[in-house]
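The tour below moves from one selection to the next.

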Amino acid sequence: MAVHRFPEGFLWGVATSAQQIEGACDEGGRGESLWDRYAKTPGNIADGSNPFTACDHYHRWREDIELMKWLGVNAYRLSIAWPRILPNGSGAPNEAGLDFYEQLVDELLAAGIKPFVTLNHWDIPQALVDAGGWPERDTVEAFVEYTDAVTRRLGDRVRAWATHNEPWCIAVQGYEEAGHAPGRKNPMEALRTAHHLLLSHGRATSVIRANAPRSEVGIVLNLAPGWPASDSPGDADAVRIHNGLFNRWYLDPLLRGTYPADAIADRVCFGQLPSPELPFVENGDMETINAPLDYLGVNYYGRSVVKAGSDGRPAGVCPVPPEELTEMGWEVFPEGLTRLLSELVQDYDIPAIYITESGAAFSDTVDDDGRIRDPLRTAFLRDHIAAASDAIKAGVPLRGYFAWTLMDNFEWQHGYKMRFGLFRVDYDSLKRTPKESAHWYRGVTAANAVEDERR
Ligand code: GCO
């Protein structure tokens, strides 16, 4: 059996986000977040739950660092809850919030675990949303102010920063498809949101460089390579459109300083823009967005198989029988990761890449002997890590892999039903128990290698 060995110094990590694990939403001076508010409206969260306790990480963070030590990871991707730092969105930073993260970071460093900090993993203060939120340009300034407060305090010890997590989700799921908070259906608001996220990334990058000069600065995108449902020219064009709207709308501004012309034309055609002028772009914005990145964070969950839809837009096609999908209804497609990474470095000048999320939800259960047998999760991780190794062999500067996620947690609009964790969380006792996949991942981090069992 082939064994994939990873380069010396490769980062093996786990990822989480504040809103999904911390709980303690009104403790320590924290203000209300967008998702706190959203969860209060019945119907918004599938299981009627909320993030108010979540995994209680706010109180159990020491125990959670022990879990990471046991796993043998050398990196941890966490996010900072913006409303813990600026409860009302502006003004004096909340010292108790900064203290919380400072302790956490110090304890991680003492454990030899490199903190990878994301500033915005979706939990914007509700006060800023009330003032208009991401569709408003003022929110860019608010994010810069928040970034300054955090990096002044932590910039001397955190060496890896990400500004935003998955701008596409914030913009499109939040403002166009109404699947995420704040649940809006307005394509122009979605485009304004995407632009202001990108612009605030660029503005925040220079603040981080000033406050944390020896650190790496990047952004995390969710990328899904388009794949044609057939060999027809129509389906090939559907792939182009998908890649333009989903992937290149973010990659091109960041890495080339322009929005993709073909995708602008497609949006005009679909009635999302009145003309090819982008009314929200001001002089200098694109240069700001195009600020050099130290790395790109890639969240990869699968490809998008598309065909030409009857309205001219790409239509999604499910390429496998439903029983092969994850609990989220997503296809398992590791080869797509190799292709995605290889194409990224062909198409753009990217100095380094981290896989900042990779994982799957399966409905694992506790067996009579207390063990949690989750072979599908292990296979998922194993095959994706092998696919990542293939990319490294093809020359991709991939520096690390973060499994999503340390432990089961609040999966946004799905509530707690979707279990993505390496550790199972019992939501009554809040006890964490390693699944078999956690035992397996521990072996990977120890060996810095993975066996290839792909067929
Ligand atoms: C994501 C989010 C995570 C999700 C994960 C599974 O970046 O989409 O970072 O918060 O939990 O992707 O859906």
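Begin by selecting N448, where a polar atom of the side chain lies 3.4 Å from the backbone oxygen of P7, and keep in mind throughout that the model is predicted. The side chain of N448 also reaches the backbone oxygen of F6, at 2.9 Å. If you colour by secondary structure, you will find N448 in the loop between α15 (436-447) and β15 (449-451). Widening the selection to whatever N448 touches, with residues up to four places away in sequence left out, brings up H4, R5, F6, P7, E8, F10 and W12.

Next, turn to the nonpolar interior. In soluble globular proteins, nonpolar side chains tend to be buried together. Here the largest nonpolar core has 127 residues, and Y101, L341, L344 and Y441 are those with the most contacts inside it. Helix α10 (residues 233-256) gives the most to this core, with eight residues. Select L344 and its surroundings: apart from neighbours within four places in sequence, L344 is in contact with L223, L251, L296, V298, I350 and I353.

The largest cavity has a volume of about 100 Å³, and 13 residues line it, with L34, W35, W122, I170 and A181 the closest to its centre. Both α2 (34-39) and α8 (167-175) supply at least two residues of this lining, and the largest share, four residues, comes from α8. The lining of the largest cavity comprises ten nonpolar and three polar residues, with no charged ones.

Now select W168, N222, A224, F246 and S304, which, of the 48 residues lining the largest pocket, are the closest to its centre. The volume of the largest pocket is about 1300 Å³, and α8, α10, β9 (304-308) and β10 (314-316) each supply at least two of its lining residues. By class, that lining holds 24 nonpolar, 15 polar and nine charged residues.

The last stop is the second largest pocket, with a volume of about 490 Å³; to centre the view on it, select V332, P334, A379, D383 and R455, which lie nearest its centre among the 16 lining residues. Helix α14 (residues 375-393) provides the largest share of this lining, five residues. Which classes make up the lining of the second largest pocket? Eight of the residues are nonpolar and eight are charged, while none are polar.

Definitions and conventions: Residues numbered from 1 in each chain as written. Predicted model: local features only at pLDDT ≥ 70, side-chain atom pairs only at ≥ 80, totals over all residues. Heavy atoms only, no water. Core = buried A, V, L, I, M, F, W, Y, C linked by side-chain atoms within 4.5 Å. Buried < 20%, exposed > 50% of the residue type's maximum accessible area, 1.4 Å probe, protein only. Contact = heavy atoms within 4.5 Å. 1 Å grid on protein atoms, 1.4 Å probe; cavity = no way out; pocket = protein on both sides within 12 Å on 5 of 7 lines; lining within 4 Å. Points joined across faces, edges and corners; volume = space filled by probe spheres on them. Nonpolar A, V, L, I, M, F, W, Y, C, P; charged D, E, K, R; others polar. Polar contact = N/O pair within 3.5 Å; in protein donor to acceptor, adjacent residues only side chain to side chain.
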